[in-house]
Structures are given as structure tokens and as C-alpha cells.
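Here is a short briefing on one chain. It starts with charge pairs and then turns to strands, a helix and the chain overall.

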Amino acid sequence: MRTQDIEDSEASSTGEVDPVERTSAPARTRMRSRMVGDLDREDVGRQETLAGWVHRRRDLGGLLFVDLRDRSGLVQVSVGPDWTEAASLELAHRLGAEDVVRVTGEVCLRPEDARNPDLPTGEVEFRVRELELLNGAVTPVIPVYRGPEDELPAEELRLRHRNLDLRRFELQENLALRHSLILTTRNYFDRLGFLEVETPILTKPTPEGARDYLVPSRVHSGEFYALPQSPQIYKQILMASGFDRYMQIARCFRDEDLRADRQPEFTQIDLEAAFVSAEDILEWIEGLMAALAPVAGIEATPPFMRMSWTEAMDRFGSDRPDLRWELEVEDWTEVLGSADSNILKGAVAKGGRIRGFRIPDGASLSRREIEEIEGSARAAGAPGLLWAKRTDDGGSGPLSRWLEEGHWDALDAREGDLLLAAAGPDRVTSPALSATRSAVIGAMELARVRDHAWLWVLDFPLFEEEDGKVWANHHPFVLPHPEDVHRLGEDPLSVRGIAYDLVYNGSELGSGSLRIHDPALQRRVLGILGLDDQEIDRKFGFLLEALASGAPPHGGIALGMDRMVKDFLGVPSLRDVIAFPKTTAARALFEGAPAPVDSEDLRELRLRIEPRSSGTDRGDDG
């Protein structure tokens, strides 16, 4: 730091800096007067001090131009013998990409033929009187992205050098939007009387559907904390404690396989409220989306569409349908169940259904395109699709051999239409038909009926069954629908929960429910999930104790902050909206985590590493 900087800093501590002036120019520091991105023709003639990175340098001999970059944007800086001090002029010719500099000089209007209309600062340039090198930079391992015409390096390389990748305007703008959405969220819930309360990060292992990250305790040998999969139990206890309305921008952790929309650590907007119905929660969240929409540049106009889980699965094969397109699944069981086909008859005889899509003008798709659509259904778990094209001479395709004239007409299939069908139990055909729908929309380039499709999916099953084991569909604390409670003993799989998911453009943004506040009912639900009384008391005794102390009716929701920003921006991966994300193998390439620990640390924790079996796949770090 130069002597003058130190003097300025000392002056500030004595109160000599006008706080009003500081508030009106929040970017001003003792090292700069403003940031570069807001300079325009109104500033011509002003003396300023700027600081940032050398984005690009163009040396024309006696005259040199530098694009100076900070978070706010770029400005062209000019260095020349007529206005730049000799030492600064010499230094400018030695500058390299990503050097950190400070410049003092004057804002000038560019010649008309040299203005850049594509740059917010393109009408002006900054003529440097004095240049100071604050820190040199080695040649960047990857280039800092400059424009849409420049190809990005491979993602793994960018993650390895995330400090350079984060200098891209795109990522900085993504993270700035994330900040604005979080700020708007906090202000919105504050106005509604919610209190932000931090819940523990080191907590107790509980079964919530995914594996916990476990943290060994040094003090309590052989015992472990868990990182929270969600603040679910704590926020319910807060309701039992009389806090009435809670919210938190919460960090959560799940040790599960990753996808483009999953990370091992993530952030959610978490809330809970007492003495509420589901309608209260839905109304609040619709209001939140309406408040966030203009910040994100999208549209959200309450009230949102609603449908039950059963209706969503019937009409779209998915509990998070993308309603930007109107294509819907049709039930053809009654029409095709009598067709002369052992495949179709056999599926119906086993309790399955025949469902599919009629695609107007779909006969224009080639055999290869249909095979690609069929491949999507197979990837979703179906053995395949049956398809038929209606043509002027009857029909073509595997399904057409069983179709008579009456079948075509009953399905409202006209010449040039394509039929795609799947036969079997809904648990198999629904995900296959959902995948088929997405593939057809892409192949046919179907027109959207809306650009922003908001939907509440309601009344989820309380339980689901897999391989003979009963699981909680959302989590074990969802309140059973009062009309269905009597079936908990005889037919628990038919019981609905008062649960609700918020879906935006086919992506689940959040999931919530009313909670069980009766400890006896909570114990009963946990018993259906296979826990005996001793295990219930060991794992959930502190929750049952809180409920038994007089817990009010309560409910809430958790919204995925990372996924919300991703979907609002329309970027392909969560890694584009998280500062330091993990790879699909749950590795942090920049800082090198996870990493081995010293044997002494393991001994202090009384842990031993078992050797990995030779056939274990370590996974792909990409």
C-alpha cells in the first residue's frame, strides 16, 4: 500500500470521510473512485481512479489500448505519450493478460468512428495519466472467456481452474442474480412476519431418503454427527416451540449419485408456519414467485394451475410435467384391449393399461427418428414402444398390424398421424411415456402454448412400495389426508398425503406438506415404514417429545435455490449457478476435495481405512 493510501485509511478512521458521500458511491474505496462498467458520456471530463484486470491489450507502438475489466464490465483505457507519464507509458507496454492494475486519468469521448455500440461504455475511453501495477499474473492456464464467438475450454478444466473461470461475466451475472433472488426472498418473508433461524449443521443421523454425510466425533469415540439433508425436524420443533413462522436460506447435504440438477451440498429456501392450511403455504409461495419473477426476467402470475398427482401421472406420465406444450397421454385400454394382439391383451389381463399419444402429422417422422423416440422410452425402463402411421393405404408400423378401421377412427387418428403406445403397469409405462413426450416435442419441434408454465401438483401418495418395502413418498412427517386416515392399517399405499410440489417448466422447484403434529399418528406412520418402537424412540424420540408437548398444526415447504436460479436462467447445469460446485463424481477439482487425511488424525478419531476391493469402480471425475 502506498503512503498516500495509508494516510487516506487513517483519515477514514478519524471520521474525515463523509458517510453520505460513501453511501451515494458504494463502489468507492481508498484505491478507486468507482467501477468501470457505468462510465458513459455523462462522465466526460471527470477525473477518476479505476482498478481491475487487464482483459486485452492492443499495442500500436506509440499508442496502446487496454480493455480494463472489473465485475461491472469493461472500459477501453488508452495510454499515449501526450497524456501518460513516461514511467507509466513504459510499464503499459509490459502488461500481460490478467495483470491487476490501477489507473488514474480522465474520461474522454471516443471519436465517432471508434465508438462501440455493443459495449455499455462504448462511447467513452479512459485516458491514463498514471498507471500502477498492483499485481502481476502468470499466463492464464485457461483464457478468460471474451464473447460468444470464443469456445469455452472443457468443463473439467474450467472446474480445475475455477478462479479463472469465475472471472467470466456470465458466471458473475449468474451469481449476482442468485444474490438478488435471495435478498428479495428474505425481504419478502420478513414482511410476512417470518423469523430467520439457523438450524444445526452437525446433527443426528436420521433416515430421510438419501445417505447422510457422517462426521466422526473426536470427543465421543465411536459416535458420529450427520450433516443435515434438510432442517425438517428442527423447523417442526421450532413450531412446537412457539416461533409461529420460520424461514432459512439453508445449506443441506446428501450423499447420493449426482446428475446435472443435483449436487452433494445445496441451498434451499426453507420455511415452516404454525396454524396454517395448505392454501396458506401455496398462497405465500405464489406471492414469492411473483416477487422473484421480475428480478429474474420471467413471468409468474398467480394463481398457478393445479392438478392432483393422479391426474398428472394419467395425463403426462410425470409428477412434474412441462406444461409449455399441450401434448397429453391418452388411455386406449378400452379401444385396443380387444385388438388381436397377445401383447396388448396380456398387458390388460395383468392389470395394466394401454396408453399413448396421437401425434398429428407425426407420420412425417422418419423410421430413424421414431427409433430415437423409442430409445427414450427404453432408457426410462419400458421394453419399447408400439407405433403406427396412418397412411392412404391403411397403415404402417408394428402396431398397425392389429388395427382395424374402427380402431383408427375410435382413436381419432387421421391420415398422416402417428400413434405411439406403451402397454403394461403404470409404474413402467408412465415414466416411459413421459420420456416419449419429451422426445416427441423435440423431434416435432412442437409450438409452445406458453413460455412460463407454473403448476402445483397436489395430493401425493403418502407411501410407495419398491421390492416389497414401503417407503415414504416425500418424507415420514407428511400429514395423511383426513379422508384416507382410516385406510392406514388395511391399505396404506392408497393413502394420500397433504403434500404439494411446485413445478416450473417441467422442473420441480420445491416440495412441501402439512406435517403430522399428533405424536401417536407420527409413531403409527413410522411403524408402517418398518420401524419398531425402540428404533422410533432412538431415531425420532426428540421429535415425538416435542410433538407431545403441545405442537400446533403446521406445515411448510423447501424450494431449491440452486435449481431455481438454473431454471430461471435456462442454463444446462447447476454448476453454472454455484461458485464452487462438485463434479458428477462429487469431487471439488479446484481445491482437491475429498482428500486423504493423515494417519495421526485417523488414530485420534479411532478410525481405520479398509482397503478398497479390487473390482470397485472409482467413478468418473467429469
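The count comes to 52 salt bridges, a salt bridge being a side-chain nitrogen of Lys or Arg within 4 Å of a carboxyl oxygen of Asp or Glu. This is a predicted model, in which local features need pLDDT of at least 70, side-chain atom pairs count only at pLDDT 80 or more, and totals for chains, interfaces and linings use all residues. Residues are numbered from 1 along each chain as its sequence is written, and side-chain values use heavy atoms, with hydrogens and water left out.

**Salt bridges**

- Asp165 pairs with Arg168, and their closest N and O atoms are 2.7 Å apart.
- Asp165 is buried at 2% relative accessibility, and Arg168 is buried at 6%. Buried means under 20% relative accessible area, exposed means over 50%, and partly exposed lies in between (1.4 Å probe, protein chains only).
- Arg251 and Glu265 form a salt bridge with an N to O distance of 2.7 Å. This pair links distant parts of the chain: Arg251 sits in strand S9 (residues 245-253) and Glu265 in strand S10 (residues 265-274), 14 residues apart.
- Arg251 is partly exposed at 35% relative accessibility. Glu265 is also partly exposed, at 24%.
- Arg496 and Glu483 meet at 3.1 Å, N to O.
- Arg496 is partly exposed, with a relative accessible area of 26%. Glu483 is exposed, at 54%.
- Arg34, Asp38, Asp43, Arg46 and Glu48 belong to one network, joined by salt bridges that share partners.

**Strand S9 and its partners**

- In S9, 7 of the 9 residues are buried, so the strand is largely enclosed by the rest of the structure.
- S9 runs parallel to strand S6 (residues 195-196), with 2 bridges joining them. Two strands pair if DSSP finds at least two bridges between them.
- Leu195 has Tyr246 as its bridge partner in S9.
- S10 pairs with S9 in the antiparallel sense, over 9 bridges.
- Tyr246 stands opposite Glu272 in S10.

**Helix H17**

- The buried residues of H17 include charged side chains: Asp562, Arg563, Lys566 and Asp567 are among them.
- Met561, Met564, Val565 and Phe568 are also among the buried residues of H17.
- Gly570 follows H17, and its phi is positive, near 75°.

**The chain overall**

- The secondary structure comes to 18 helices and 22 strands. Helices (H or I, at least four residues) and strands (E, at least two) are DSSP runs, numbered from the N terminus.
- The C-alpha trace spans about 90 × 70 × 55 Å along its principal axes.
- Of the 622 residues in the chain, 46% are buried.
- Among contacts between residues at least 6 apart in sequence, 67% join residues at least 24 apart. A contact means heavy atoms within 4.5 Å.
- The accessible surface comes to about 31,500 Å², and 49% of it belongs to carbon and sulfur atoms. Areas come from the Shrake-Rupley method with a 1.4 Å probe; for residues, only the protein chains shown count as cover.
- The chain has 75 positive and 110 negative charges, and their mean positions are 3 Å apart. Lys and Arg count as positive and Asp and Glu as negative, while His and the chain ends are not counted. Each charge is placed at NZ of Lys, CZ of Arg, CG of Asp or CD of Glu.
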